[in-house]
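Please keep the viewer open as you read.

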Amino acid sequence: MLNVALPKGRLGEKVYDMFERAGFECPSIKEQNRKLIFENPEAGVRYFWVKPSDVAIYVERGAADIGVAGKDILLEYEPAVYELLDLGIGKCRMAVAAPADFVDNPQRALRVATKFSKIAGDYYAGTGRDIDIIHLNGSIEIAPILGLSDVIVDIVETGSTLRENNLKVFESVVPISARLIANKASFKFKNEEIVRAVEGISRLTEEKQ
Ligand code: PRP
């Protein structure tokens, strides 16, 4: 049985459709209910809906053999998993944003509010800019408006959250998309099933290109 952690939400539904088309169907998952675990013994697959930012934890610790996580989570937490495939969905980017009138003052540390402290730290280490990280858990856009920070490092997808809060992108940090990841031991012991999933899904992503 292949145990698959799916990110709960719209992205997860798209991911399930890819697995289904790759031969890992589980029709009961489409039932409207609050269940979180679904399995289809005939197809040899069991799915769990988990919080998107938790997928990598399930996979790293082997509670799931494979799963789908955003590149943002993989860069931020560096879980010890194999990254097998870029699914080409859930595309967005990590960016530095600030109020339109922001001007950097290199005389003092740049105050950076973010949920992604490691990604932000690595990015500014690369530019050599001295920063002060302010770690927040959400509603990051408020920080520069209230003077808590100078800039934010956050995910930008459509850009509407920034626009509606009068912020604009100053720099792009890294492109993000959904990745298929595998537990290291599972990759060895369930290699055949995992490779079958990777091949089936990569055929779909190639068709799209
Ligand atoms: C993310 C991100 C931005 C928003 C960007 O938040 O933190 O707030 O999406 O998307 P947009 O460019 O399409 O407006 P998310 O909804 O994932 O939740 P969060 O508030 O927990 O960060």
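1. A residue counts as near a molecule if one of its heavy atoms lies within 4 Å of it. By that rule, the ligand is surrounded by K115, E141, D154, I155, V156, E157, T158, G159, S160 and T161.

2. A word on the basis: this is a predicted model, where local features need pLDDT of at least 70, side-chain atom pairs count only at pLDDT 80 or more, and totals for chains, interfaces and linings use all residues. Residues are numbered from 1 along each chain as its sequence is written, and side-chain values use heavy atoms, with hydrogens and water left out.

3. Which elements supply at least two residues each of the shell around the ligand? They are β9 (151–156) and α6 (160–164), helices (H or I, at least four residues) and strands (E, at least two) being DSSP runs numbered from the N terminus. The most comes from β9, with three residues.

4. Now look at the polar contacts (pairs of N or O atoms within 3.5 Å). A ligand oxygen atom is 2.4 Å from an N or O atom in the T161 side chain, and for the side chain of S160 the distance from a ligand oxygen is 3.4 Å. With E157, a backbone N or O atom lies 2.8 Å from an oxygen atom of the ligand.

Methods: Polar contact = N/O pair within 3.5 Å; in protein donor to acceptor, adjacent residues only side chain to side chain.
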